[in-house]
Amino acid sequence: MCTAIVSVDPGSAVPVLVVGVRDEFVAREWEGPGRYWAEWPGVVGGRDLRAGGTWFAVEPGAPRVVTVLNGRGRMAAEAGRVSRGGLSLRVAADGKLGRLDLTVYDPFHLVAAEADRVRFWSWDGVELAERELGPGLHMIVNSGLEGGEQLEGETEDAYMGARLAYFRPRLVAAARPAPRVGESLEEAWGEWLPLVGGGGLDRADHRALLPLLDLGEGRVWGTTSVSLAALTPGGVRYDFRAVPGDWARVL
């Protein structure tokens with residue numbers, strides 16, 4: 001149940017903000033943000049140690065931010081399946097999906113943000129849909145942009161719907177951040193910071209942005225990290241928090 005939050009305001013000194021909330025089995029190993037990939041030496045991101053890719057990639061030289069979420073639809077064949085974490089690296093570095101054979105990837109949603117443009121792709125295993133995200137606040141979950149076509153009666157969909165209903169109006173009502181060079185985390189992200197830190201909800205709450213769910217038999221699923229990025233034509237600010245853990249400035 002990952003979540004991406006994108007705010008676009010062309011008139012702001014910081015026109016694009018991106019929040020990436022990664023949900024995963026907490027036992028799945030990963031490393032915090034760094035430059036790990038020889039093929040894409042400029043890209044910074046956390047590294048998944050099972051598949052080798054990243055869920056949130058930052059190319060400061062562009063500047064560009066890319067985040068990927070699991071989608072819905074037809075899964076790729078087991079033989080030849082490729083990790084979706086490599087897509088975020090490729091698009092962060094190149095700015096485009098290119099002529100990839102997408103049938104080797106499970107369904108995904110992909111956001112590629114630059115200071116003057118935010119593109120959003122959804123692949124359902126059969127068709128690729130592309131659109132640009134215009135001015136305003138956009139929230140993306142595993143069922144798609146603003147919840148997409150949710151399935152009636154599905155527990156996961158009910159959780160995602162409740163998350164959107166709780167956090168969207170609060171994010172819209174909060175003063176939109178415009179992080180500046182040299183500002184502290186609190187100064188930079190202002191009223192958004194407590195919201196992206198969970199909004200005061202218990203992690204077991206069905207509305208939680210940073211859930212933690214015990215699925216039994218030693219399986220625990222929940223938010224493992226939160227990434228914040230602020231894009232201007234001249235650069236990108238990138239703050240990161242492992243969950244649980246403290247915030248750290250990356251770029």
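Trainee: Which residues line the largest cavity?

Mentor: Please note that this is a predicted model, in which local features need pLDDT of at least 70, side-chain atom pairs count only at pLDDT 80 or more, and totals for chains, interfaces and linings use all residues. Residues are numbered from 1 along each chain as its sequence is written, and side-chain values use heavy atoms, with hydrogens and water left out. Rolling a probe the size of a water molecule over the atoms shows where empty space is left. On a 1 Å grid over the protein atoms alone, a cavity is a set of points where a 1.4 Å probe fits but cannot get out, and lining residues have an atom within 4 Å of a point. Here the lining consists of Cys2, Thr3, Ala4, Gly20, Val21, Arg22, Trp55, Thr67, Val68 and Leu69. The volume of this cavity is about 50 Å³, taken as the space filled by probe spheres set on the points, which are joined across faces, edges and corners.

Trainee: Which elements each supply at least two residues of that lining?

Mentor: They are β1 (3-8), β2 and β6 (64-70); strands are DSSP runs of E, at least two residues long, and helices are runs of H or I, at least four, numbered from the N terminus.

Trainee: What is the volume of the largest pocket, and which residues lie nearest its centre?

Mentor: A pocket is an open set with protein on both sides within 12 Å along at least five of seven lines. The largest has a volume of about 470 Å³. Its lining comprises 22 residues, and Arg22, Glu24, Arg28, Asn70 and Arg84 lie nearest the centre.

Trainee: Which residues touch the most other members of the largest nonpolar core?

Mentor: Such a core is a set of buried Ala, Val, Leu, Ile, Met, Phe, Trp, Tyr and Cys residues joined through side-chain atoms within 4.5 Å; buried means under 20% relative accessible area (1.4 Å probe, protein chains only). In this 30-residue core they are Val19, Leu171, Trp189 and Trp192. The helix α2 gives the most, with five residues.

Trainee: Why is strand β4 described as largely enclosed?

Mentor: Four of the five residues of β4 (residues 44-48) are buried, so the rest of the structure largely encloses this strand. Strands pair if DSSP finds at least two bridges between them. Strand β3 (residues 30-34) runs antiparallel to β4, joined by three bridges, with glycine 34 partnered by glycine 45. Two bridges link β4 to β5 (residues 56-59), also antiparallel, and valine 44 has valine 58 as its partner.

Technical notes. Buried means under 20% relative accessible area, exposed over 50%, partly exposed in between (1.4 Å probe, protein chains only).
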